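Below are my notes on the model, as numbered points. Please read them with the structure open.

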Amino acid sequence: MQGARRASAGRLAIATMVTAGLVAALVTAQAPVAARASDAVLSQGRSAGASSVASRSTPAAAAVDGDGRTGWRSARAGSQWLQVSIGPQVDVSQVSLQWGDAPATAYEVQISSTGKTWRTLASTTRGDGGTDTYDVAGTGRHVRVLATVSVTGTGYSLSELTVRGSRTGSSSATPGVRLAGGAGSWHLEVDGRPFTVEGVTYGAPAAEAATHFPDIASMGANTVRTWGTDTGSGRLFDAASASGLHVVAGLWLDHGVDYVGDTAYKTATLASIRSTVAAYRDRPSLLAWDVGNEVMLGQGETQRVAYARFVDEVARTIHSIDPGHPVTSTDAWIGALSYYEEHAPSLDFYSVNSYGGVGYLEDGWISGGYTKPYLVTETGPAGSWEVPDDANGIPLEPGDEAKARAYTAAWQAVLSHPGVALGATVFNYGLENDEPGVWLNLRTDGLRRLSYFAVQRAYGGEAPTNTSPVVRSMTLSPASGVRPGTPVTLTTSVTDPDGDPVTYRVYATSRYVDGDESLRPLPATTTGPGTMTVQAPSRPGVWKIYVYALDGRGNVGIEARSVRVV
């Protein structure tokens, strides 16, 4: 079958040149039909990328901004592409191309679920500009225009790429989510289709979700996980729907509560959860409810049993209000699942936060004899509680390259337990510029780290056009016995994979002096390539010093070392 093409008024109708047999092998097995009036524009304002860009005034995003007066222009001819992320697993019914003054003679319209393997929806070798509209049938997360022959021979210009369609299986406004399969072959299903969670935890404000969720979707993620849901969460659910994301919605339970005897807290909390679930149960982006986070970690045996029983009461209550979404609960080690097994049978699946130990979850699940699957709700590089101390006696933070490798390894560990591990929401899509934000954020201070790109590759997101500088080494001299205010030499080895010029910032934190996790700018004098002189902080104690290597394109490489001031 082939995409049905309609030429714009005043132009010759051009038949697509893809044979029925070829496209049948490449496109979802359903006949193309004219776009329904109810089908939405999926492409406008979404994240876009291109193989090349002629100038800053003609970026890929200009072809999906809804304004035909702007557009993308490639830097050269030959084989060039423009792609847009339309959200996880959407049904595409129509693609329209409004060409600029440099159209393609030959091109293909393609769709992909991974951003790596593409299926052809329609193509032509007789393009002559104007507007081309194709009625197509395909399901995926990305749509691409691959141009191969230019009319002008100098490049391509596309004023607008418009993709229409609907969320996969969206015959109802409320998606159906369930745990399917049996022992050792479990999986989540959304609207009857298998769904693997490829997500991030979201730490920025709900009010900013509409700003950040398109970027999360461009990473290839299909899910965000939160720790709490309140009256302001409606904006987050709406933003998730607009970006094709699902939400594992947290329902916070307090730490330090007497879950044996504090009946008043449990009664009030259960009433609040009833109200929250009723308010958001029909949101199309809702994937699952997640009750509590790491509460068992600091409890004794009696409290753990009582807490697990309360979680079961919450799960039963949620199911009575919202039978269309599964319920889980998160704790910080695989052994917590034994309490849920015995005392919380109403949970649909379990959830675990695990960083340096994520590679051992599979063995722990098997040896524990657990009977339900699990979702990894937090993972990433080893935390400060899992690493050895440095020479000054504070946790030795891994470098950016090691952190990026840790995200890759964590995702591989999840994939290595098919039928049991339901996916992961890695920690953390946060923007804080503080000590924890440097350690575990993908976008510290809003800047993309090597870890951001590692997660993007793991999830098959958009291919980056520019990546972070790499800080391969950092030393402080002297690093101990330093008098307040005296000079310290900071030496780094930095490379930028794209050849961008690198500038530097230096910060310090007194977390291990007085518990203050904030970063303070530390004036630095450049004395050579990657070499600076800074003044030791004035207060005695062990300080962490950070160097930020910035490429001016929104990317940063960060490294940290400690200095002992006496």
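1. The buried residues of α3 pack against β13, α2, β15, α4 and β16. Helix α3 spans residues 234-242, and its buried residues are Gly234, Leu236, Phe237, Ala239 and Ala240. Here buried means under 20% relative accessible area, exposed means over 50%, and partly exposed is in between (1.4 Å probe, protein chains only). Contact, here and below, means heavy atoms within 4.5 Å. Helices (H or I, at least four residues) and strands (E, at least two) are DSSP runs, numbered from the N terminus. After α3 comes glycine 244, with a positive phi near 70°.

2. This is a predicted model, in which local features need pLDDT of at least 70 and side-chain atom pairs count only at pLDDT 80 or more, while totals for chains, interfaces and linings use all residues. Residues are numbered from 1 along each chain as its sequence is written, and side-chain values use heavy atoms, with hydrogens and water left out.

3. How do α2 and α3 cross? Their axes come within 9 Å and cross at roughly 35°. Axes are lines fitted to C-alpha atoms, for helices over the stretch in contact, and angles run from 0 to 180 degrees between N-to-C directions. Ala209, Ala210 and Phe213 of α2 make the contact with Leu236, Ala239 and Ala240 of α3. By class the contact residues are 6 nonpolar, no polar and no charged. Ala, Val, Leu, Ile, Met, Phe, Trp, Tyr, Cys and Pro count as nonpolar, Asp, Glu, Lys and Arg as charged, and the others, Gly among them, as polar.

4. The strands β13-β14-β15-β16-β17-β18-β19-β20 form a closed barrel of 8 strands with parallel pairing. On average, neighbouring strands of this sheet are turned by 25° against each other, direction ignored. Two strands pair if DSSP finds at least two bridges between them.

5. Helix α2 (residues 209-218) lies across β13 (197-202), β14 (223-225) and β20 (421-429), at about 145° to β13. Helix α5 packs on the sheet and touches β15 (246-251), β16 (286-293) and β17 (327-331), its direction making about 155° with that of β16.

6. Helix α4 (residues 263-280) and helix α5 (residues 301-321) have axes that come within 10 Å and cross at roughly 30°. The two are therefore roughly parallel to each other; angles under 35 degrees count as roughly parallel, over 145 as roughly antiparallel, 65 to 115 as roughly perpendicular and the rest as oblique. The crossing of α4 past α5 is right-handed. From α4 the contact uses Lys266, Thr269, Leu270, Ile273, Arg274, Val277 and Ala278, and from α5 it uses Phe310, Glu313, Val314, Thr317, Ile318 and Ile321. These divide into 8 nonpolar, 2 polar and 3 charged residues.

7. Helix α8 (residues 400-415) packs with helix α10 (residues 450-458) at an angle of about 25°, with the axes 8 Å apart. The helices α8 and α10 are therefore roughly parallel to each other, and α8 passes α10 in a right-handed crossing. In α8, Asp400, Glu401, Lys403, Ala404, Tyr407, Thr408 and Trp411 meet Leu450, Ser451, Ala454, Val455 and Ala458 in α10. This contact has 7 nonpolar, 2 polar and 3 charged residues.

8. Some backbone details deserve a look. The peptide bond from phenylalanine 427 to asparagine 428 is cis, with omega near 10°, and asparagine 428 lies in strand β20. A cis bond also runs from serine 477 to proline 478, with omega near -5°; proline 478 is in the loop between β21 (470-477) and β22 (487-495).

9. Which phi does aspartate 191 have, positive or negative? Phi of aspartate 191 is positive, near 55°, in a residue other than glycine. Aspartate 191 sits in the loop between β11 (187-190) and β12 (193-195) and is partly exposed at 26% relative accessible area. Glutamate 294, also not a glycine, has a positive phi of about 60°. Its place is in the loop between β16 and α5, and glutamate 294 is partly exposed, with a relative accessible area of 21%.

How values were computed:
A crossing is left-handed if the near helix is turned anticlockwise from the far one by less than a right angle, and right-handed if clockwise.
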